[in-house]
Amino acid sequence: MKSTTLFKCLFVIFLFTCQAHFAQIKIGAKAGYSVGKINDTSDNIYTQDYTSSSGVDIGVLIEFPISDLFSLQTEFIYTERGGKRTGLQPIPTAALEDLGSVDQLNYLLSLQGKPPVNDQNPLYAEFINTSELNYLEIPILGKLGWGDTWRFYVEAGPYMGFLLSSDQITSGESTIYTDGAARDPLFVINPLHNPADPSTGPLWVPLPPQNFDAKTDTKDELNTWIVGFHAGAGLIRKIAEKHELFLGFRGSWGYTTIQKDEVFGESHIGGLVFSLGYAFTLCC
C-alpha cells in the first residue's frame, strides 16, 4: 500500500512538472521482444528452477522535455512475462481433483502409514510447467539524452504493473510420487485384487502414470498490482524535424511479490526488453 501511494504521488508531480512544457511534448509507439523470468530467493519448492520465457512488449509513450538534456516520460505497455520449469516438481493440492477428493487420497495414505497431503507436504511428478503472465505496465522515467541527429539516452524510474491475465500451462505424463526425490510412487488399492487368486496381483499397486496436459487460470492466486523499477539505454535517430526512430534496451525488476499466498513462494517478476519505436513531436 505504501509503494502504491508513493507511485501516485510521483505521477501527480510528473503531471504538474510537465504542464509548462506541453508545447514540446512527444508521443510515440514501440514494440519489442521480451525475455521474462520469475525469481524467488526463498527456496520455495513451488518456485525453484524456473527458466526464462520470451514474449512481446508493445506500448505507447508520452515524453515531456524539461531541458535539452533531461525529460520525463510515461508509458502504457502491454508486456508478457513468465517462466518455465521442467522435471520433478510439486503438485498443488487443488490440482489433485482428477485423482478424486483429497480426503479420500489422504485416507489411502493413512492406511499406508504416510502423512496427509497438503500444500506444505505435496505430491510430486515430472512434467512441463509454464507460467504466462500478462501485465499492463505504467512507468514514470527520468531520461537523459545527448546529441542532435543521432542521440544517445539513458533512462530509469519506477513502474506499476496491473495483471491482465495469468495462466499455468502444464503438459506431459508422469508417475506420481509422495516424496521430492522420486523414490516412493503413490500406491492405490488394486481394483482387481482377489485374496483367493494370486494372479490378480497385490492389494496395493502404483498409480498408473497420469496425464498433466492442462491450462489453468491462476489470476485469482496472484496480486493484481505490482511495483517495480525500469532502467535502460538506447539510440535515437532524427529522420525529420518532428520525427524520430529509436532503438532501446531495458531491464525491469519487480519490487513486490506476485503471489497472494506465501505458501506458493515470494517471487519477483523481471525481464529484459529490446524494442524499436517511433516518436513524433507535436509542436516545436
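**Reading the features**

Guide: F127 is buried, with a relative accessible area of 6%; buried means under 20%, exposed over 50%, and partly exposed in between, with a 1.4 Å probe and protein chains only. This is a predicted model, in which local features need pLDDT of at least 70 and side-chain atom pairs count only at pLDDT 80 or more, while totals for chains, interfaces and linings use all residues. Residues are numbered from 1 along each chain as its sequence is written, and side-chain values use heavy atoms, with hydrogens and water left out.

Visitor: How many aromatic pairs does the count come to?

Guide: A pair of aromatic rings is described by the distance of the centres and the angle of the planes. Rings of Phe, Tyr and Trp (its six-membered ring) pair if their centres lie within 6.5 Å; planes under 30 degrees apart count as stacked, over 60 as edge-to-face and the rest as tilted. By this rule, the count is six aromatic pairs. One of them is the stacked pair of F127 and F212, at 4.8 Å centre to centre with 5° between the planes.

Visitor: Which parts of the chain does the pair of F127 and F212 link?

Guide: Strands are DSSP runs of E with at least two residues, and helices are runs of H or I with at least four, numbered from the N terminus. The pair links distant parts of the chain, 85 residues apart: F127 is in strand β4, and F212 is in the loop between β10 (210-211) and β11 (214-217). F212 counts as buried, at 13% relative accessibility.
A further pair is F249 with F274, which is tilted, at 5.0 Å centre to centre with 45° between the planes. F249 lies in strand β13 (residues 243-254) and F274 in strand β14, so this pair ties together parts that are 25 residues apart in sequence. F249 is partly exposed at 38%, and F274 is partly exposed at 45%.

Visitor: Which residues does S174 contact, leaving aside its neighbours within four places in sequence?

Guide: Contact means heavy atoms within 4.5 Å. S174, in strand β6 (residues 173-174), is in contact with A125, E126, P209, Q210 and F212. S174 counts as buried, at 6% relative accessibility.

Visitor: Which backbone atom lies 2.8 Å from a polar atom of the side chain of S174?

Guide: A polar contact is a pair of N or O atoms within 3.5 Å; within protein, one must be able to donate a hydrogen and the other to accept it, and residues adjacent in sequence count only if both atoms are side-chain atoms. For S174, the atom is the backbone nitrogen of E126. In the case of H268, a polar side-chain atom lies 2.8 Å from the backbone oxygen of G254. H268 is found in strand β14 (residues 268-281) and is buried, with a relative accessible area of 18%.

Visitor: Is D179 buried or exposed?

Guide: D179 counts as buried, at 17% relative accessibility. D179 lies in the loop between β7 (176-177) and β8 (187-189). The C-alpha atoms of D179 and Y124 are separated by 6.5 Å, although these residues are 55 residues apart along the chain. Beyond residues up to four places away in sequence, D179 touches Y124 and D184. A polar atom of the D179 side chain also lies 3.5 Å from the backbone nitrogen of A182.
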